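Here's a quick briefing to read alongside the structure.

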Amino acid sequence: SNGVIVSHDGSITLINCVFRNCEFAVEVREGGHATMVHCTIENSFVGVKVVEKAKGLSMRNCTVSSCELYGILLDWAGEVSISGCKVENCICYGIEASNRNRRTMPIKINNCHISKCEYGINFEIGGYMATITNTTVKNNDKVGIIVLPSVIGSIAVTQCQVTENGQNDMINLSQVRCVVTVDGVTLKSITSDYEPPKQLFIRRCCQRAGIWDILCENCGKKEGPGEKYKKCGQCQNVCYCSKDCQKAHWKEHKKECNPD
């Protein structure tokens, strides 16, 4: 179940609130705005979800931890300010920015601590005017801060400690579409074999949260308690209840699996 939903020109101020075991602890929808101060979110599927042309989000001195997928998800959001917050132990992304609107999304992240997630901060798609200042992004399993090829605009990282992340501290894959600077120096864009989390991995996160069933890609049989279907060893995005189903589905699946 959701904790709080705000939308349709509504606004809410949450002070010293605690949310646990929610699907979406705080969800800000079209026209809504949320201010959060000294709030704690734990053991939820998504901590804070800001989508569908929301007016914005302001978070100060909050803690978001142990979320199944995203600590903070920003999609089609208005102005976003996250200050003095701690985001940690989220299975997939600490902060995910996925702006599918044509407008530039202003994001300010200041004096925050993001750690022990698979990815610290991920700019996935869309336009941004983002500043990340005095923030520690540390001890994340794969990448501290990553800017993907579909991102445009500018991202300025200033006086931050981005270190001790598993594979890379910072990656800019945007080519010339997004200007990424670190303490005023442009971070060169590179070509990388980076791959986002597999869809099956995300589905299993949803399954643990009780909002998604794992199905055999061929026959549609639901994975039962104590079972774990075998995934395709090549793409790792689909799974099957038996070898017979995997063989039967190969003619269709190979178009997406890219066996070459």
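Two residues are in contact when heavy atoms of theirs lie within 4.5 Å. Keep in mind that this is a predicted model.

- Ser115 sits in strand S15, which covers residues 113–115.
- Is Ser115 buried or exposed? Its relative accessible area is 4%, so Ser115 counts as buried, the cut-off being under 20%.
- Leaving aside residues up to four places away in sequence, Ser115 touches Val87, Glu88 and Asn89, plus Lys138, Asn139 and Asn140.
- There's also a polar contact, at 3.5 Å, between the side chains of Ser115 and His113.

**Strand S5 and its partners**
- Strand S5 spans residues 33–37, and four of its five residues are buried, so the rest of the structure largely encloses this strand.
- Strand S2 (residues 11–15) runs parallel to S5, and five bridges join them.

**Lys251**
- Look for Lys251 in helix H2, which takes in residues 243–257.
- Lys251 has a relative accessible area of 67%, so this residue is exposed; the threshold for that is over 50%.
- How far apart are the C-alpha atoms of Lys251 and Asn140? They're separated by 38 Å, with the two residues 111 apart along the chain. Asn140 is one of the residues that Ser115 touches.

Notes. Residues are numbered from 1 along each chain as its sequence is written. This is a predicted model: local features need pLDDT of at least 70, side-chain atom pairs count only at pLDDT 80 or more; totals for chains, interfaces and linings use all residues. Side-chain values use heavy atoms; hydrogens and water are left out. Helices (H or I, at least four residues) and strands (E, at least two) are DSSP runs, numbered from the N terminus. Buried means under 20% relative accessible area, exposed over 50%, partly exposed in between (1.4 Å probe, protein chains only). Two strands pair if DSSP finds at least two bridges between them. A polar contact is a pair of N or O atoms within 3.5 Å; within protein, one must be able to donate a hydrogen and the other to accept it, and residues adjacent in sequence count only if both atoms are side-chain atoms.
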